[in-house]
Amino acid sequence: MLTSKDRAKLKSIMANEDSVCHIGKEGLSDACIKSIDDAVRAREVVKISLLLNCSESPREVASKLEKILNTQTVLVIGRKVIIYRFNKDKKTHVL
C-alpha cells in the first residue's frame with residue numbers, strides 16, 4: 001500500500017517523464033498490456049496516456065491494470081494514469 005509520501009515522490013519523479021504507452025480506440029489490448037508489463041518490470045513506475053478516441057475511462061484502465069498486472073495506481077488525472085509495482089529483482093528501487 002502506498003502512503004501519501006510515496007505517492008508524492010512518485011508523482012514528482014513522473015512529472016517530466018513521457019508516457020510509455022498510448023491507449024487508443026482498441027482499448028487495453030494484449031500487446032499494450034505486455035508492453036506496460038515490460039515497462040513496469042524495468043522502471044517500477046510508468047505513465048500511460050489515453051487518447052481521446054479510447055472507449056474506456058482512465059479509472060477503468062487503472063483498475064484493469066491493477067487486476068491484470070498487480071500494480072498500484074499512483075495517480076489518475078485527466079487522460080493520464082501513473083502506476084507502480086515493486087520489483088524485488090532490481091538492485092536500485094524508486095522508493
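Modeller: A residue is called buried when its relative accessible area is under 20%, exposed when that area is over 50%, and partly exposed in between, using a 1.4 Å probe and protein chains only. What stands above is a predicted model, in which local features need pLDDT of at least 70 and side-chain atom pairs count only at pLDDT 80 or more, whereas totals for chains, interfaces and linings use all residues. Residues are numbered from 1 along each chain as its sequence is written, and side-chain values use heavy atoms, with hydrogens and water left out.

Colleague: What is the mean pLDDT of the protein, and which of its elements have the lowest and the highest mean pLDDT?

Modeller: pLDDT is the predictor's confidence in each residue, from 0 to 100, and where it is low the predicted coordinates should not be read in detail. Here the mean pLDDT is 96, with 100% of the residues reaching 70 or more. The elements, which are DSSP runs numbered from the N terminus (helices, H or I, of at least four residues; strands, E, of at least two), range from the lowest mean of 95 in β1 to the highest of 98 in β4.

Colleague: How many residues of β2 are buried, and which of them point one way or the other?

Modeller: Six of the six residues of β2 are buried, which makes the strand mostly covered. V45, K47 and S49 point to one side of β2, while V46, I48 and L50 point to the other, and burial holds for all of them.

Colleague: In what sense does β2 pair with β1, and in what sense with β4?

Modeller: Two strands pair if DSSP finds at least two bridges between them. By that rule β1 and β2 are parallel partners over three bridges, with S49 of β2 as the bridge partner of H22. The chain passes from β1 through α2 to β2 in a right-handed β-α-β crossover, where right-handed says that, with the strands pointing away from the viewer, the path from the first strand over the helix to the second runs clockwise. With β4, in contrast, β2 pairs in the antiparallel sense over five bridges, and K47 stands opposite I82 of β4. Strand β3 (residues 72–77) is likewise paired antiparallel with β4, over five bridges, and T73 has I83 of β4 as its bridge partner. The hairpin of β3 and β4 has two residues between the strands, and G78 takes a positive phi near 60° in it.

Colleague: Which residues have the most contacts inside the largest nonpolar core, and which element gives the most to this core?

Modeller: In soluble globular proteins, nonpolar side chains tend to be buried together. A nonpolar core is a set of buried Ala, Val, Leu, Ile, Met, Phe, Trp, Tyr and Cys residues joined through side-chain atoms within 4.5 Å. The largest one here has 19 residues, and I23, L28, I36, I48, L65, V81 and I83 have the most contacts inside it. Two or more residues come from each of β1 (21–23), α2 (30–43), β2 (45–50), α3 (58–69) and β4 (80–84), with α2 giving the most, five residues. A second, separate core of eight residues includes L2, I82, Y84 and V94.

Colleague: How many disulfides does the count give?

Modeller: A disulfide is a pair of cysteine sulfur atoms within 2.5 Å, and the count by this rule is zero. C54 is in no disulfide, the nearest cysteine sulfur, that of C32, being 9.0 Å away.
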